[in-house]
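Take a moment with the sequence and the 3D view. Then follow the chain from the whole picture down to single residues.

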Amino acid sequence: IYKGSSSSASTVSDNCLSAFKELEAQYDGLHVVVLSNQGNYITIIVKSILSSMIIGAVLAIIVLALFLRDVKPTLVVGFSIPLSVLFAVVLMYFTGMDLNVMTLAGLSLGIGMLVDNSIVVIENIYRLRSRGVPAARAAVQGTKQVGMSIVASTLTSVCVFLPVVFSSSLVKSLMQPMSLCIGYCLMASLLVAASTVLKKAEPKQLKWFDKIQNKYAKSLEWCFQHRALPLVAAVALLVFCGWRVVSMGVELLPTITSNEAIVTLKTTKDLSKEDSYAIAEKAIDAMLNVDNVEEVGITTDTRVAGMDVGQLGLPSAITDLLNAANSYGTYQVNVMLNESLSSTQIETARQALEDALSGIEDCTATVEISGMQELTSQLASGLSVKIYGADSDTLTQLSEKVVEIVNDTEGFANATNG
């Protein structure tokens with residue numbers, strides 16, 4: 001089942017699952033097992049980001065409660081988090097942005113910086129109250145005194161993401177929504193901080209924190225007296241970090257593991273169809289005996305030159321002939337593993353599948369954990385045309401003609417041949 005270009009993968013996935021349940025309820029004995037579902041990756045990522053947002057907000061409030069030791073200012077700063085997120089979501093709506101992985105990631109990153117401005121304002125109000133300034137005046141004067149500081153701090157953070165606006169291609173598609181969400185959150189936190197009022201703010205004494213401040217002050221004095229050592233340490237850390245950045249690998253997105261494994265099974269070419277099917281059946285039995293394997297589904301590999309025959313848009317008669325010609329010898333097996341497995345256990349299960357299949361004669365098998373390939377395929381947008389051939393000059397001429405045809409077609413623009 002393939003989704004339309006304007007449809008949401010998660011919506012299509014949910015609708016299909018609902019339809020399967022209706023069919024199972026309608027027909028006795030019918031049981032549908034979904035072996036591959038790209039909507040799962042979107043659901044997993046969205047749930048992970050939402051849980052991170054909630055946990056981050058709760059931890060921020062707990063830290064504030066430990067340091068402020070007062071319920072009212074903690075609640076004021078705590079309410080600034082959902083208010084700022086709500087403000088950002090409203091701006092996303094009016095700017096035509098959707099809730100997706102990148103925008104949710106921007107909101108998640110923004111939550112860590114939402115309370116900064118409010119904390120600065122509250123701390124300054126507390127400082128004035130400790131000097132005997134009345135609560136109302138301390139609230140007004142405290143906000144005015146640090147007003148320009150928090151504005152400059154917020155604009156500095158926003159400017160970090162400003163160059164993304166001038167980027168293009170995939171970088172702009174991925175980073176611009178996240179950058180705008182972070183900017184919306186920061187501007188909202190600035191407005192909330194500027195309207196902070198604590199009528200009965202009373203400073204609290206934290207003896208253990210005062211001791212930490214005294215130790216910190218003494219360490220600063222020592223560093224000023226021995227300037228060479230801190231400078232050498234800073235340069236050494238800078239060189240080390242630069243070396244690590246240069247030596248580490250670079251990838252588009254991190255590797256994502258799932259409980260779905262894809263096995264490509266090939267039997268020797270001199271076997272008959274019945275013998276090939278018999279070996280495939282032995283392979284299925286071997287995989288079902290592996291620990292943590294729950295479901296196994298097998299289909300014949302109908303790809304031609306690396307492309308699925310069903311997606312070529314050919315007439316059904318030609319598609320049936322191609323499927324019949326490639327109906328045995330190469331199989332794709334979808335294996336569902338236990339959902340509770342960790343990444344290490346999934347890798348152990350993958351190795352166990354390889355070991356189980358290595359003992360079967362007249363066939364070769366490769367086992368991969370389904371994840372990154374299917375997710376990155378969803379990043380593609382627009383029309384993609386692949387041309388195969390042996391003569392590079394002919395391929396170049398054909399690609400230029402295809403580019404011209406696509407650009408002249410209504411609804412397409414900026415087509416290139418790479």
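The paragraphs below go from the overall build to cores, helices, rings and loops.

This is a predicted model: local features need pLDDT of at least 70, side-chain atom pairs count only at pLDDT 80 or more, and totals for chains, interfaces and linings use all residues. Residues are numbered from 1 along each chain as its sequence is written, and side-chain values use heavy atoms, with hydrogens and water left out.

Start with the whole protein. It has 14 helices and 6 strands. Both kinds of element are DSSP runs, numbered from the N terminus: helices are H or I with at least four residues, strands are E with at least two. The protein has 418 residues, and 30% of them count as buried. Buried means under 20% relative accessible area, exposed means over 50%, and partly exposed lies in between (1.4 Å probe, protein chains only). Now look at contacts, meaning heavy atoms within 4.5 Å. Take those between residues at least 6 apart in sequence: 75% of them join residues at least 24 apart.

Next, the cores. A nonpolar core is a set of buried Ala, Val, Leu, Ile, Met, Phe, Trp, Tyr and Cys residues joined through side-chain atoms within 4.5 Å. The largest one has 28 residues. Which of its residues touch the most other members? They are Ile49, Ile81, Met92, Leu107, Ile111 and Leu114. Helix α4 supplies the largest share, 9 residues.

Go back to Leu114 for a closer look. Leaving aside neighbours within four places in sequence, Leu114 is in contact with Ile81, Ser84, Val85, Cys185 and Ser189. Helix α7 (residues 169-194) also holds Ser179. Ser179 is buried, at 8% relative accessible area. Not counting residues up to four places away in sequence, Ser179 touches Phe161 and Val164. In helix α3, find Gly78. Gly78 is buried too, with a relative accessible area of 10%. Gly78 and Ile62 are 16 residues apart along the chain, and their C-alpha atoms are separated by 9.4 Å.

Helix α10 (residues 273-288) has 16 residues. From its first C-alpha to its last, α10 reaches 23 Å, close to the 22 Å expected at 1.5 Å a residue. The expected span is 1.5 Å times one less than the number of residues. The buried residues of α10 are Ser276, Ile279, Ala280, Ala283, Ile284, Ala286 and Met287. Seen down the axis of α10, they fall within an arc of 160°, so they line one face of the helix. The arc is that of the directions from the helix axis to the C-beta atoms. What covers these buried residues? The cover includes β1 (260-267), β2 (293-300), β5 (330-337), α12 (343-358) and β6 (363-369). The face of α10 turned away from the buried side carries exposed Glu274, Glu281 and Lys282.

Helix α6 (residues 147-160) has 14 residues, which should span 20 Å at 1.5 Å a residue; its end C-alpha atoms are 20 Å apart, which agrees. Gly147, Ile150 and Thr154 are buried in α6. These residues cover an arc of only 75° around the axis, which puts them on the same side of α6. Exposed Met148, Thr156 and Val160 sit on the face turned away from the buried side.

Turn to the rings. The structure holds 3 aromatic pairs. Rings of Phe, Tyr and Trp (its six-membered ring) pair if their centres lie within 6.5 Å; planes under 30 degrees apart count as stacked, over 60 as edge-to-face and the rest as tilted. The rings of Phe240 and Trp243 have centres 5.9 Å apart and planes at 45°, so this pair is tilted. Both residues lie in helix α9 (residues 228-247), 3 residues apart, about one turn of the helix. Phe240 is partly exposed, at 47% relative accessibility.

Finish in the loops. Asn292 lies in the loop between α10 and β2. Asn292 is not a glycine, yet its phi is positive, about 75°. Asp362 is found in the loop between α12 and β6. Its phi is near 65°, a positive value in a residue other than glycine.
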